[in-house]
Amino acid sequence: MHEMNCEAIPKGEGVLLRQATDRFIVAYGRRPEVAAAAPGRVNLIGEHVDYCEGFVLPVAIPFLTVVVGSYNNTDVCRVITVLASGEELEASFPATIKAELRPGQPEWANYIKGVIANFPIKVNGFDIVVVSDVPMGSGVSSSAAIEVAVFTLLEGLTGRMVSLVEKAKLCQKAEHDFPGMPCGIMDQYIVTMGKKDHALLIDCKSLEAKQVPIKMENICILVINSNVKHRLTGSEYPQRRAQCQEAACQLGLTSLRAANMQDLDRLRDLGCNELVIRRARHVIGEIQRTVEAAIKLTEKNYKRVGELFYQSHDSLSKLMEVSCVELDQIVDILRDAPGVYGARMTGGGFGGCAVALVQKSELDALKQRILSQYKGKPVFFVCVPSEGARFLKLNH
Ligand code: GAF
């Protein structure tokens, strides 16, 4: 029983769709016309480098946000969100001129309002129901999942389709403008374009991506939720981003993408603050590690991928200072454990999840090891690389 509570299992598209449709019919007295889904994500490596135009290597996961909706022939947008706990949240706001939409209360509705405000054409009043099993505040991108799911639903309602890269950029802008989180492009990109059985090596400068096949024959990607809730809309994330930008400016570059390790000496000569130099060192090293990890993953050289995971974690913990005691503890429990290639924190940090590349045969033993040694209450899931956002078929 105890063990069951430690596993997060995706409900599946069909179950979430039925739940959303049933709730819609009860709430609004008719059937929805459009349904869309968008997943969460786990980043394998390439952390805190997307906003520096670096490379990232995320996968989309089978936990989903599903949205169903239809027009309501009024000037009002009505939203019902059903949380995993069963609790419901409701909000409504005018579907007036987009420029009149402003961030405000309740905070959760800002993710939806931001998408409407950034949709390329004016949206008429609609009713929607949102259901999701993407763990919230866990660093697996529940925010991008809701933004991209709602954007996709609006494409279906209005008939106005947008290219995938443009969609990711507009959803990123929605997050900047409304919840006020100055995120990079990684989350919206992978949530929009994730591929089953693949990670994407995303070049956050050109916004092109290469598919990296992940063969789960003997290995497995274990995600461990520390259950320390992370919150990125505070000051820490924007501060890291600003420090990286400061380093780039001092070097006369638009971003740290073009910087190399010798530039760290130049920064020192220019009298740059040591903290800023440490942030730059993380970014330069992490971009190199990510490119190498994509190659080694393709070659099935898991030993090397694992070493890069540990290096990434140590750099995020010591140089970038975005880890926390609990994530460091989980990674330390896995260090040198039999069957572990490597482990690291994943996502924005300050809580959330760790990701580990492990041998399938050792999976259960490793979970037991964490359960017996970790001081918090971990929740596990095995990361299965999945498809990005899509329309769902409604049974009329
Ligand atoms: C958060 C952000 F939203 C991403 O853009 C990225 O910067 C990530 O933190 C860290 O790699 O998820």
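In which strand is Arg-390 found?

**Figure 1. Arg-390 and its surroundings in the predicted model.** The model shown here and in the other views is predicted. Arg-390 belongs to strand S13, which covers residues 390-392. Arg-390 counts as partly exposed because 16 C-beta neighbours lie inside 10 Å, and a residue would need 20 or more to be buried. Ala-37 is 353 residues away from Arg-390 along the chain, but the C-alpha atoms of the two are separated by 5.5 Å.

**Figure 2. Confidence along the chain.** The chain has a mean pLDDT of 95. A pLDDT of 70 or more is reached by 97% of the residues. Among the elements of the chain, strand S2 (residues 55-56) has the highest mean pLDDT, 99. The lowest, 51, belongs to helix H1 (residues 2-5). The ipTM of the model is 0.99 and the pTM is 0.97.

Figure 3. In soluble globular proteins, nonpolar side chains tend to be buried together. Leaving out residues up to four places away in sequence, Ala-149 touches Ala-36, Ala-37 and Ala-38, then Thr-65, Val-66 and Val-67, and also Ala-389.

**Figure 4. The shell around the ligand.** The ligand is surrounded by 12 residues. Glu-47, Cys-183, Gly-184, Met-186 and Gly-348 are the closest of them. By type, the shell divides into four nonpolar, five polar and three charged residues.

Figure 5. Most peptide bonds are trans. The bond from Gln-105 to Pro-106 is cis, and its omega is near -10 degrees. Pro-106 lies in a loop that runs between strand S5 (88-94) and helix H3 (110-118).

**Figure 6. Two loop residues with positive phi.** Most residues other than glycine have a negative phi. Asn-227, which is not a glycine, has a positive phi of about 65 degrees. Asn-227 is placed in the loop between strand S9 (219-225) and helix H7 (236-250). Asn-227 has 17 C-beta neighbours inside 10 Å and therefore counts as partly exposed. Asp-336 also has a positive phi, near 65 degrees. The loop that holds Asp-336 lies between helix H11 (325-334) and strand S10 (340-346). Is Asp-336 buried or exposed? Asp-336 is exposed, because 7 other C-beta atoms lie within 10 Å, and a residue with 12 or fewer counts as exposed.

Figure 7. The annotations come from an unreviewed entry, which gives residues 23-70 as "domain: Galactokinase N-terminal". The chain over residues 23-70 is 52% strand and 12% helix, with end C-alpha atoms 13 Å apart. UniProt assigns "domain: GHMP kinase N-terminal" (unreviewed entry) to residues 110-195. Residues 110-195 are 56% helix and 8% strand, and the end C-alpha atoms of this span lie 28 Å apart. For residues 297-375, the UniProt feature is "domain: GHMP kinase C-terminal" (unreviewed entry). Over residues 297-375 the chain is 51% helix and 18% strand, and the end C-alpha atoms are 32 Å apart.

Note on methods:
Residues numbered from 1 in each chain as written. Predicted model: local features only at pLDDT ≥ 70, side-chain atom pairs only at ≥ 80, totals over all residues. pLDDT = per-residue confidence, 0-100. Helix = DSSP H or I, 4+ residues; strand = E, 2+ residues; numbered from the N terminus. Contact = placed C-beta atoms within 7 Å. UniProt positions renumbered as here; feature names shortened; annotations may be inferred. Near = placed C-beta within 6 Å. Nonpolar A, V, L, I, M, F, W, Y, C, P; charged D, E, K, R; others polar.
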